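My notes are set out as numbered points, to be read beside the structure itself.

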Amino acid sequence: MNSFDKLIIKGKKKLFGEVNISGAKNSALPLMAASILINNDYELNNVPNLLDTKIMIKLLKSLGVKTQVSKGNIKFLSPPLIHVAPEKLVNTMRASILILAPLLQSRKHAVVPLPGGCAIGTRPIDLHIDVVKKLGANIELRDGFLSAKLPEVGFRGCQIKFPKVSVGATECAIMASVLAQGTTELINAAREPEIVDLGNCMIKAGAKISGLGESKIIIEGVQKLNPTTFSVIPDRIEAGSFAIAASITGGEVNIKEIRYSDLETFLNKLKLTGTKVIYGQNEVKIIGSNKLKSVNISTEPHPGFPTDLQAQFMSLMCLADGKSIINENIFENRFQHVPELKKMGARIMVVNNTASVMGLESLKGANVKATDLRASMSLIIAALAAEGITNVFELEHLKRGYENIEDKLSNLGAEIS
Ligand code: EPZ
C-alpha cells in the first residue's frame, strides 16, 4: 500500500447482511511472540492476515525462528538462534517489544531497539522494563537500544504490582514467568480478553496459571512448555467497528464469531443510542435506528469501554441527537481523528482528554487522512453515513489492523473502492 492509495466511499448506503469477524490482532501478536517459549511444533490457527502479523513473522524469522505460513495458520518449527532484534522491523511495529521476555528466557540475552512513539502517544515501555528487571534481568539502555541479560538459571518468580494497568506489560510478565523458577504473582494486572487468550494457550502447553481475566494472576513456573495448537479468539474491536457501521447507516447486520462477554460494556452503550442489539449464539444482530441518541463514554481498561473503539463511537455520536461527552483515559493523544471529522462538518470541541460532540443531521463527504489504525476506521464509518463522496488517504494505518475491510464492507452494500 503506498501513501497514494485511497478509499473512495459514497455515503448514505444502509449496510445489510452478514460479516465474519477475523482473528484478533492483539491476541495473535503476543501468541506469536510466545512461539519463542515453545521451542517447536507450536501451531496457531485463525491468525488474521494483516501488516502487523506479517511484521511479527518477519521479526521472528530474523531471530532464526523457522515458520510455515499458510493462510490463517502458522506453524513455528524451531527456537530462535539470534538475540538481536533488527531495528528496522521493531521501529515499524511497537508490539515488537513483546518478544523481549520470551527472547530473554530463550537466549538469556536480548537486544531490542527502543520502539518509537506513535500517533496516539509516547507509548513508553518502562513497565515492561520493570517486569523483566524484577524477575531477574540486568538491563542496559544504550543509544536507543535496550540490552538485557539473564543469569543462566533464567527468570526467578516474585510479586509484581503494576502502578497502572498495562496490556503489554501484563503479557510480558506472563511470558517471563511461565518458565521461571518459582511462583510469580501479578497485582493490578490487565484483564483484556487477549490476555486471557495468551494465558489459555500457555496453560494448554503445560503452564500453571490462575486468575486470568482478574486483576490478580498467579503463575507457577514449570520446566518446559509442550508442543501445542491454538486458535486465536475473534477480534472484538473489528466486531465493534462493524456494529457501529451498521448502526450509523441505519442498516441491519449480523456479526458472526463475536463473544458477547468481550464487548458487554460497549454493546450496552450502543443500545443506549437507540440501536437494537440482538444476541445469538456467538453472533450479534445490529439494527440501526434512524434517530440516534447521544451517549457519554469514558474509556477504561477491560471490562470498561475499550479505547480502541473510542474513535469509531465518536463518529456515531456526530450524528446523534444532542451533545455527548467522550473521555479518553488510556492514551494521552487519541483524538487525532477529530480534525478529520471536522472536515466532514462534525462539531467537536476537545479540552485535554475530553471531547464534546454536538450531534448533527448529517455529515458531508470530504478528503480526509487517517492518522492511526482506529482513526482510519472512524473516518470510514463517518464516510458511510455522510452525504456524497469521501476520499480517505494514508491507508497504511488501516492495513495494520483490518483484514479485507473493503470486501467485507462492499459485501454489506457499502459503495467503497
Ligand atoms: C495494547 O497496547 C493494544 N495493542 C492497543 O491496541 C490498545 O489500545 C491498548 O493495549 C489498550 O487496550 C496491542 O495489544 C498490540 P497498554 P499496549 O500497555 O499494550 C501506558 C490498536 O489499535 N504504558 O495497556 O501498548 C501507555 O502509554 C492498539 O490495536 C506505560 O506508561 O497498551 C498507555 O497510556 C492501539 N508504560 C497505557 O499505559 C508502559 O511500559 C496503557 O497502555 C506501557 C504502557
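The points below take up the domains, the interface between them, a pocket and a cavity.

1. Please keep in mind throughout that this is a predicted model. The domain assignment divides the protein into domain 1, which is made up of two stretches, 6–22 and 234–416, and domain 2, which covers 25–231. Taken over C-alpha atoms, the centres of domain 1 and domain 2 are separated by 31 Å.

2. How many residues of each domain are in contact with the other? On the side of domain 1 there are 24 such residues, and they are in contact with 19 residues of domain 2. The size of an interface is often given as the accessible area lost when the parts come together. Between domain 1 and domain 2 the buried area is about 1,800 Å², and carbon and sulfur atoms give 52% of that area. In domain 1, the residues that lose the most area to domain 2 are His 302, Arg 400 and Glu 403, which together account for 33% of what that side buries.

3. Between domain 1 and domain 2 the count of salt bridges is 2. A salt bridge is also found where the side chain of Arg 236 meets that of Glu 194, with a distance of 2.8 Å from N to O.

4. Rolling a probe the size of a water molecule over the atoms shows where empty space is left. The count of cavities of 30 Å³ or more comes to 1, and the largest cavity has a volume of about 40 Å³. Its lining is formed by Leu 127, Asp 130, Val 131, Lys 134, Ile 160, Lys 161, Phe 162 and Pro 163. The elements giving two or more residues to this lining are α5 (126–134) and β9 (159–161), and α5 has the largest share, with 4 residues.

Notes: Residues numbered from 1 in each chain as written. Predicted model: local features only at pLDDT ≥ 70, side-chain atom pairs only at ≥ 80, totals over all residues. Heavy atoms only, no water. Domains from an automatic or database assignment. Contact = heavy atoms within 4.5 Å. Buried area = accessible area lost by both parts, 1.4 Å probe. Salt bridge = Lys/Arg side-chain N within 4 Å of Asp/Glu carboxyl O. 1 Å grid on protein atoms, 1.4 Å probe; cavity = no way out; pocket = protein on both sides within 12 Å on 5 of 7 lines; lining within 4 Å. Points joined across faces, edges and corners; volume = space filled by probe spheres on them.
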